[in-house]
There are 2 protein chains.
Amino acid sequence: MIIEKINNKYKVILGSGSLRRKELLQKMLLKFDIKICNDREIFPHEINKNLIPEYLAKQKANQISLQLKNNFLLITADTIVLQNDYILHKPKNSFEAMMHLKKISNNTNHVITGVCIKSKEKEITFSCSTKVFFSQLEKDEIDTYVNNNNPYDKSGSYGIQDWIGHIGVKKIHGSYNNVVGLPTHLIYQKLKLFI
Amino acid sequence: MIIEKINNKYKVILGSGSLRRKELLQKMLLKFDIKICNDREIFPHEINKNLIPEYLAKQKANQISLQLKNNFLLITADTIVLQNDYILHKPKNSFEAMMHLKKISNNTNHVITGVCIKSKEKEITFSCSTKVFFSQLEKDEIDTYVNNNNPYDKSGSYGIQDWIGHIGVKKIHGSYNNVVGLPTHLIYQKLKLFI
């Protein structure tokens, strides 16, 4: 079993403070510790936006791996939400969150998660994109969500696993877990390269 | 707010013993009680397979509503998994579960959930189909899943929210919650017709 082999061979580290990413790796049955990278996320302005998550995942991996011992296997990730080549960042305040949700309403967006898996010998980066189709969101629905949930730690101001996702997401094309925070299926495939 | 209006106007009843359906309705913020229908699920053999879940949801609603008071709003559902027009039922034993997962491996299947929403005045039935794309599942992965999880209460012998879903589902086309057990987005839209 791949997961058992990884758990036996490595000290797996998740380089992310996201509770959702922690839960997803746990559901894969990986055993791991958490190390958080607090550096600012900086990327070159000329970069193709689809490549930003991979770029930032790799940057986080390079920072955190400096502190790790020989047998580590580090997993880092970064997620962005794109709508018409425009990045919907984590909102700074409720006004910005409501603006994002108005843009997302009755429209599609792409959630791209970049992942870096790094050991002492090897480093692999990849990303996964999921298209999310939202129905029309009414003002009172947007207000309810922003006032009663926490959109501030979420790219695009929404969690697909939150109330707004349950009532507002019509369908997706791609991986659901990728929207939550990690493309678990792809990570599982790539872990095979480390055993 | 639609959900508040429904909670105020009706005594909502979920006519299903499924823990997953209970969790999904809770996440929509509906308040409800549970009543279970223990009748056998019988449908005419000549029926189009895509219509079976709606047919059974309606049948359950008709049974349970006999016991309910005036201001009830009853929600019942039924889910089937179809592969090439062949129904993958809930497995009777581990052998059948393993057979299903071999069929599902490296292939697609359709999960169809039929829903009936019924008050004293009105009854609406509808269904939702999601296409699920599985990667190749190895024998040891299938064995691990069947031996350590509970595929026996699940059409198609898998839960997308289980370990096998996290490592084996490449992507979906449609609603994720529909695969878990209820098309929450569609239910939300249809609830508007009851206020």
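**A walk along the strands of chain B**

Guide: Welcome! In this predicted model, B:I112 stands opposite B:S129 in β6(B).

Visitor: What makes β5(B) and β6(B) a pair of strands?

Guide: Two strands pair if DSSP finds at least two bridges between them. Strand β5 (residues 108–118) of chain B and strand β6 (residues 123–134) of chain B have 11 bridges, in the antiparallel sense, so they count as paired. A hairpin of 4 residues links β5(B) to β6(B).

Visitor: How do you know that β6(B) also pairs with β7(B)?

Guide: The same cut-off of at least two bridges applies. Between β6(B) and strand β7 (residues 169–174) of chain B there are 4 bridges, again antiparallel, so this is a pair too. Within it, B:V132 has B:I172 as its bridge partner.

Visitor: How many residues does each chain bring to the contact?

Guide: Chain B brings 24 residues and chain A 24 residues. On the side of chain B that touches chain A, β7(B) gives the largest share, 6 residues. By class, that side has 10 nonpolar, 10 polar and 4 charged residues.

Visitor: Which residues of helix α8(B) are called buried?

Guide: B:T184, B:H185, B:I187 and B:L191, in helix α8 (residues 184–191) of chain B, are buried. They lie on the same side of α8(B), because they cover an arc of only 160 degrees around the axis.

Methods: Residues numbered from 1 in each chain as written. Chains lettered and ligands numbered in written order. Predicted model: local features only at pLDDT ≥ 70, side-chain atom pairs only at ≥ 80, totals over all residues. Buried ≥ 20, exposed ≤ 12 C-beta atoms within 10 Å, placed from the backbone. Helix = DSSP H or I, 4+ residues; strand = E, 2+ residues; numbered from the N terminus. Arc of directions from axis to C-beta. Contact = placed C-beta atoms within 7 Å. Nonpolar A, V, L, I, M, F, W, Y, C, P; charged D, E, K, R; others polar.
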